[in-house]
Structures are given as structure tokens and as C-alpha cells.
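Please look over the chains below before reading on.

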Amino acid sequence: MAARKPVRWHIAVFLAPAVLVYTAIMIIPLIGTLNLSLFNKGPDGVQFVGLANFATLFGDPRWSASFWNALGNNAWFFLIHMLVQNPIGIALAAILSTPKLRMAAFYRTAIFIPTILSFVIVGFVWKLILSPIWGIAPGLLDLVGLKSLFAPWLGREEYALTTLALISVWQFVGIPMMLIYAALLSIPDEVLEAAEMDGITGASQFWKIKLPLILPSIGIISILTFVGNFNAFDLIYVAQGALAGPDFSTDILGTFLYRTFFGFQLQLGDPYMGSAIAGAMFGIILLGVCIYLFGIQTRLRRYQF
Amino acid sequence: MNKTYLTALLTSTLLAGPALAQTTLTIESWRNDDLTIWQDTIIPAFNAQHPEISVVFAPSAPAEYNAALNSKLAAGSAGDLITCRPFDASLELFNQGHLADLTDLAGMANFSDVAKSAWQTDDGAATFCVPMASVIHGFIYNADAFAELGIEVPATEAEFFAALDKIKADGTYIPMAMGTNDQWEAATMGYNNIGPNYWKGEEGRRALIAGEQKLTDPQWVAPFEQLAKWKDYLGDGFEAQTYPDSQNLFTLGRAAIYPAGSWEISGFNAQADFKMGAFPPPVAAEGDTCYISDHTDIAIGLNAKSPNAEAARVFLDWVASPEFATLYANALPGFFSLNSTPVEMQDPLAQEFVSWRGKCEPTIRSTYQILSRGTPNLENETWNASANVIRGSETPADAAKRLQDGLASWYEPQK
């Protein structure tokens, strides 16, 4: 008679702290928010309204206009990060990992430092730099004779969101750089030596050997950027306020949620519609992550060394 | 022996604690600028009479105040005394049971019905905050710059724009210091500052609430048409100019006129080293009745769940006294007392502002009472519309139509 497999208690014990903490501070509030979005104030107090809040959010012309505006702005915010932040991050990592580069540690640190700054500081400093009155941006442009290119970017509807996205790129470019840098360092030397034996060096070595090997890291960075951007709030709030001016051109889902949930100035907070927006944000992020996990990550080829 | 002694000592401390302990009252406020005035002037004056009650003034940033306060009240962690925003924000807190009914507070007798109107239920049956002060809108100007350029203080629209043209032509000063980055100045110091002259103050405001006038009527579009003309007189890059930027531009002497609220007075007195004057919003033609926005702005109420309600009521009674009114109005020139007892003020700029009460008809901001109860919120929409009109991205007529459509979408009398 075979001995019964012993119950492996230690697995549960080791998992418990993380599961408990995560449940208490993430999962329960999340379920609470989703639950709240199914209620609203009725004639006789708070009552269950099913999906009526979502119907208002997507059906009412005013609510839906605000929502789609915020979602569109958010998509643009994300696109700028994908098109600017991540390629620059990868390029910086590629440059940093060249053995010939001197003072690599200094550059690495300098580029990474903005990431650890608070949003409030970043927003405030950039607002000052770009200020048409006290800022150094007009003066610097003047020095190179390009003063005519200066505009009060944060105050113009057509530029404000892009400007803020680029500020955010400046702040966070260190993260993809570090992750890719680590991925590049983990490529075994034998692979690179073999490539050299075959005559693949320099740029073509990067495109043909290194890039395919770091694709899984780029996938992770994309999804981190996606989640981070669709949860973004701080920078816009600090730089443009909760009304996300000019004329809501910088309004993203986070600021829209804040205004609705907590209220603003004479507008009273509406936790029920606010939760509905939070629910929609959760859905969008969940959808994006699922597309990535099932559509992209499973198809990425991995190499074992 | 030693241990017994220690125990006895500890026990006595514990017992003596409650007997000697002072009641501590915490005040929630958005006036973080006033922290030193409360700590150095107001609280010591109160403690001279009531040493047993200590008071802590705990302000938060103005933009976050409402949201922070609502969350604190909901969580039960708010202070004992709540600084009240006027009208619906506080009314809602009262209806939710967060603010106590203060109708029977003895000191309430010191205030007129108008003064209390911003902190009463719609039927006037219950009053829930002790009125502290109102603010008056107008324009503050750099008197030295006016003298240098030979400009008379403008009284009519034509004179106002002539003055602005003259300052612009001279080029030494930015004619007017205002930006649209923060949006609220455009509505509060723009639209609601000059507007009462067109919609005839209370007459228009009440007609709008009653549904007899619409925001698309000429008297409500006219202020937007004026604002649209301001664009040319604002500084370079005004689109990205923030509220502190505007304040600094003016107090550094780089701008000649500042569309103002009287709350700026104490800050400007401290910062500016030139002579300042003030004029009320210019009227359309000479001899027209002038209207000013004399807005009931700030009051103080009692957290219904405060464990120190008794001490808090003592404090509130003192806030309702003429003594507090004199202290407050002089410590914070520009916050005009709502107390029925007239208050002597020392500051010349504050005296200038308050003198308009004698010659102009007062009103309050048009969007505050009742009309900002629904979604979309009229006040917030007005910020956005006024900023758009000044930037020129929306025409006055379009802006007015958008506001009217928004209001009509939820407000019965306007449907």
C-alpha cells in the first residue's frame, strides 16, 4: 500500500501573508467599488439599480461625451508613451550595454533619478520650466534663436495633453531602460560570440540577436505602461487641476473619476457614478491585460539557455 | 515600596488627567493662508476669555477642501468645527446629518437674514453655520502706474477699455493680470465680477432661479462678450498663466490692473511696494446703477458628531460676537464682516471696497444658490465656459447656449 501523499501545509503557510494582505487591501475594496457601482440614490434612499449607472455613463449624451473624451485622451497618453518612452528606453539600454561606453553607471543613475521623484515635484517643476512668465523654456529657445517656436503649451488645447505625456515620458523613461538593460545583460556571452563568429556584429547584432531575445521584456514593459497610463491621475491633477483644462483637453479617466467620485468645488461627490467610472476603468485595464496575456504573451517565443 | 510608589504615581496621573484636561476643538478650513492669523490673533483672544478650551486651526488646501472634508465626515474623523462653504455644499452636509442645527444659538441674533441665507435650508427654517465674512469683487489697480500714465480711474466700460488701450500702447505694464490655466479666475473674477451690472444683480439672479430669464438672454451673454475682449489685454502666454502667476505679476508691479476679489487685500498689502487702489466693475453708461458681487463666502458650523459639542457652541457663540467680527475683519482685510454691528476697519483698500456697499446694489454670485445642484454643475461649467471665451475657443453665444442647455437638462423651472 502506497503511503498517502502528505498534505503540503507549508505551501499554504507561505502563501498566506501575501494572499491575506492582498485580499484585504486590494481585492475587497475592488469588490466593494464594483458593488457600489450597482447602487444609486433613489426617492427612498440608496437602492440597488443594477446596471443603470453604466447605462447613464454610456447612454446619457453628457456623461458619455465626458467618458469618451477621457478615454480618447487616455489612449493618446498611452500611445505617446508607447511611441516615445519605450523606444527611447530600449535605445538607452542598448547604448548603456555597449561595453565601450564610459561612465555608464553615471548615465544610468542620472536617467533613472526622475523616476523616484514625486509626481507633485515633477508637475510643479515642469510647470515652472514651461511657464511663459518665469520659465526658462522661452529663454533657452531664445538663446538658439527659436523663440518663435515657444507657446504656452500647457495652456493650449492642441498641445497640453501631448506636453504632459512627454513630461511623464521624461519622468519614467528610466523604467523601460532598466528592465531592458537587465534583459540585455542576461543574454549569455556564448550566444553573442556565436553571432560574432557568423559575422553578425554591431547594429545588425542588436536587431537580429538581442531584440528577439528581449521581446518578452518589451511585452512586460508594454503592459506595465498600459496599466500605469490608464490608472494615471497625479500628473494631470497637479499640473492642470481637477477640471483638466484647457477645456477638458487633458481630462483622462483618473481625473474624470476623481471629479465625479469626490466632487469638485460646488459639485458634490457622487460615489455611485464614481464607482461606475472606476468599474469601467477596471474593465478597460482587465481587457487590455487579457489581450496581452492570451493574445501576445503565449505566442512570444522564449529561449532557454 | 518602590513599585507601590510608582503605581500610585501612575494612577494619580490617570485620575488627574480628565479633571485637568482641556477640551480641544479642531477647526477644519480651506483658508490655509490664515493659519498665522488664527494662531497669533484669533485663538489667543478667545482663550483670554475661555482658557479651558484649546482650539486648533487645521486647514487643508482650498482645491482639496471639499473632497477631503466630505471623506473625513463620512469616515467620522473630521474636526469639531467645520468651515462652511456657502449654499449647497454646506446644505448637503446638513441634510446628510453632518452639520448640527445652530438655529437656537444665541449669537445668531447678530446676523441679518441676508447674511444667514447662504447657510439656511431653502425655507429658512434651520440655520447651520455662523456667518463669518463676505468678499466683494472689483478691480485692484496699481495707482503709481495709473498716475505715471495719466489714467483716471475708469467708471464706465468705455473708460475701462480706453484705460486698457492706453496701458497697452505705452507698453511698460501688462494691462491686466489674469490667466486661464486655473479656470476659476475667469468665472469668479471675470464673469461673476462684471456680470451683475448686466443682469442687474439680485433681480436677474432671482429671475434666473425662478426660470423667468435664461442664460442665453442678452443680459447674461453680455458679460461673456466683455470677457471675450479681455484677451488682447492679458499678458503673453496667459493661457498657461496660473492664479499665483497673476498675483505675482501684479504685486511685482508688472501689471496695471488685477480683476480681484477683496480676499487678495492682505496678501497684496504684504507683497506690493506701490500704492494700490480699487474700482468697482465699470457700468455700461455713466449714471447707471452699479451692482457689485458681495458674496457671502465663509461661515463656521458644528460637526454633528463632535464629542465636544458644548465647548464648540461656546466657541461659535464667540464667533458670532461683535468682538470676533472686529478682530477678523481687521486681521484679514478683505473679508468683510456679516455681523449686524458695523465694524471699524483700518485698511484703506478694504475701506474702498466696503464703501461700494453704500453706492452700489449688492448681490451674490449667480451660480451659487440652487443652480449648481445638478449635473452638469453650473458653477464648474461656468469656469470652463469663461476660460474658453477669454481664450477665444468658444464664442460668447455658444458658451451661453451650452450653459443654458446644461442647466435646462436638470433644473425644472428652466425646462
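The points below are grouped by topic.

This is a predicted model. Its largest nonpolar core holds 161 residues. Chain B is assigned two domains, and 31 of its residues are in contact with chain A.

**Nonpolar cores**
- Beyond its neighbours within four places in sequence, B:M176 is in contact with B:L164, B:W230, B:Y233, B:L234, B:A255, B:I257 and B:P259.
- There is also a second, separate core of 11 residues. Among them are A:I90, A:M177, A:A183 and A:L184.

**Helix packing in chain A**
- Helix α3 (residues 61-96) packs against helix α10 (residues 202-230) at an angle of about 145°. Their axes are 10 Å apart.
- The crossing of α3(A) and α10(A) is right-handed.
- On the α3(A) side, the contact is made by A:N74, A:F77, A:F78, A:H81, A:M82, A:Q85, A:N86, A:I90 and A:A94.
- On the α10(A) side, A:F206, A:I218, A:I221, A:S222, A:T225, A:F226, A:N229 and A:F230 take part.
- This contact has 10 nonpolar residues, seven polar and no charged.
- A:I90 belongs to this helix contact and to the second core.

**Chain B against chain A**
- Here 31 residues of chain B are in contact with 24 residues of chain A.
- On the chain B side, the elements giving two or more residues are α3 (62-75), α4 (88-95), α12 (243-251) and α17 (378-391).
- The largest share comes from α17(B), with seven residues.
- By class, the chain B side has nine nonpolar, 14 polar and eight charged residues.

**Domains of chain B**
- Domain 1 covers 2-134 + 296-354, and domain 2 covers 136-294 + 362-414.
- Taken over C-alpha atoms, the two domain centres are 31 Å apart.
- Between the domains, 15 residues of domain 1 are in contact with 16 residues of domain 2.
- Helix α16 of chain B, residues 348-359, gives the most to the domain 1 side, with four residues.
- That domain 1 side has nine nonpolar, three polar and three charged residues.

Note on methods:
Residues numbered from 1 in each chain as written. Chains lettered and ligands numbered in written order. Predicted model: local features only at pLDDT ≥ 70, side-chain atom pairs only at ≥ 80, totals over all residues. Core = buried A, V, L, I, M, F, W, Y, C linked by C-beta atoms within 7 Å. Buried ≥ 20, exposed ≤ 12 C-beta atoms within 10 Å, placed from the backbone. Contact = placed C-beta atoms within 7 Å. Axes fitted to C-alpha atoms, helices over the stretch in contact; angles between N-to-C directions. Left-handed = near helix turned anticlockwise from the far one by under 90°. Nonpolar A, V, L, I, M, F, W, Y, C, P; charged D, E, K, R; others polar. Domains from an automatic or database assignment.
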